[in-house]
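Here is a short note to read alongside the model. Please keep the sequence and the 3D view open as you go.

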Amino acid sequence: MTPEAVAWDDADVQRLTAAQQEEVRARYDGKEEPGTPPSAADVSVVLVVRDDDGTALGCGALRALGDDVAEVKRMYVVPGARGRGVSKAVLRGLEDAARRNGWPTLRLETGPRQPEAVGLYTGAGYRPIGPFGAYLHDPAAAESLFFERLLEQ
């Protein structure tokens with residue numbers, strides 16, 4: 001599975017990220033995600049993984065937070081493709097893109113009701129950290145979990 005770089009406004013990305021947000025709201029009793037939502041203006045990298053027929057199975061994005069840090073955003077895999085390595089392929093692709101862009105540090109926010117995400121990130125070497133950026137003073141992020149990985153260059 002090779003992630004493909006696409007634009008934030010790609011129709012498949014918009015469909016996948018809408019499904020991701022719907023799932024987040026369902027898991028968190030209707031609450032929206034904390035922080036600043038990603039947009040075409042602030043997302044630097046967007047990747048999609050497709051099956052052999054071209055159907056989009058998963059996506060993820062990176063938003064630059066500074067000269068050497070980027071945030072992982074909108075990681076999502078359609079339910080029917082889970083357990084097939086799609087999320088790992090997207091995450092590896094995002095890490096490769098971060099290296100190419102000179103971002104040796106990746107950070108992310110997730111939540112306790114997303115154990116699959118926590119398992120993916122900890123299994124990939126991400127370590128727990130405190131809130132960062134827009135999450136620092138966001139009361140909606142009080143229960144969030146934050147992770148960081150320093151990438152090998």
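1. Ground rules. This is a predicted model, where local features need pLDDT of at least 70, side-chain atom pairs count only at pLDDT 80 or more, and totals for chains, interfaces and linings use all residues. Residues are numbered from 1 along each chain as its sequence is written, and side-chain values use heavy atoms, with hydrogens and water left out.

2. The helix. Start with α1, residues 11–27. Helices (H or I, at least four residues) and strands (E, at least two) are DSSP runs, numbered from the N terminus. α1 has 17 residues and spans 25 Å from first C-alpha to last, close to the expected 24 Å. That expectation is 1.5 Å times one less than the number of residues.

3. Its two ends. Asp10 caps the N-terminal end of α1, with a side-chain oxygen 2.9 Å from the backbone nitrogen of Asp12. Just after α1, Asp29 has a positive phi of about 55°.

4. Its two sides. Which residues of α1 are buried? They are Val13, Leu16, Thr17, Gln20, Gln21 and Val24. Buried means under 20% relative accessible area, exposed over 50%, and partly exposed in between (1.4 Å probe, protein chains only). These residues cover an arc of only 140° around the axis, so they sit on the same side of α1. The arc is taken from the directions from the helix axis to the C-beta atoms. The cover over the buried residues includes β2, β3 and β4. Ala11, Glu22 and Ala26 are exposed on the other side.

5. A pair within the helix. Arg27 and Glu23 form a salt bridge at 3.0 Å, N to O. The term means a side-chain nitrogen of Lys or Arg within 4 Å of a carboxyl oxygen of Asp or Glu. The two residues are 4 apart in α1, about one turn. Arg27 is partly exposed at 23%, and Glu23 is partly exposed at 21%.

6. Glu32 bridges to Arg25, with the closest N and O atoms 3.8 Å apart. Glu32 is exposed at 52%, whereas Arg25 is partly exposed at 29%.

7. A buried pair. Glu33 and Lys73 meet in a salt bridge at 3.7 Å, N to O. The pair links distant parts of the chain, 40 residues apart: Glu33 is in the loop between α1 and β2, and Lys73 is in strand β4. Both Glu33 and Lys73 are buried.

8. The wider set. Glu33 and Lys73 belong to a salt-bridge network that also links Asp42, Arg63, Glu71 and Arg74. The whole structure holds 17 salt bridges.

Definitions and conventions
Contact means heavy atoms within 4.5 Å. A polar contact is a pair of N or O atoms within 3.5 Å; within protein, one must be able to donate a hydrogen and the other to accept it, and residues adjacent in sequence count only if both atoms are side-chain atoms.
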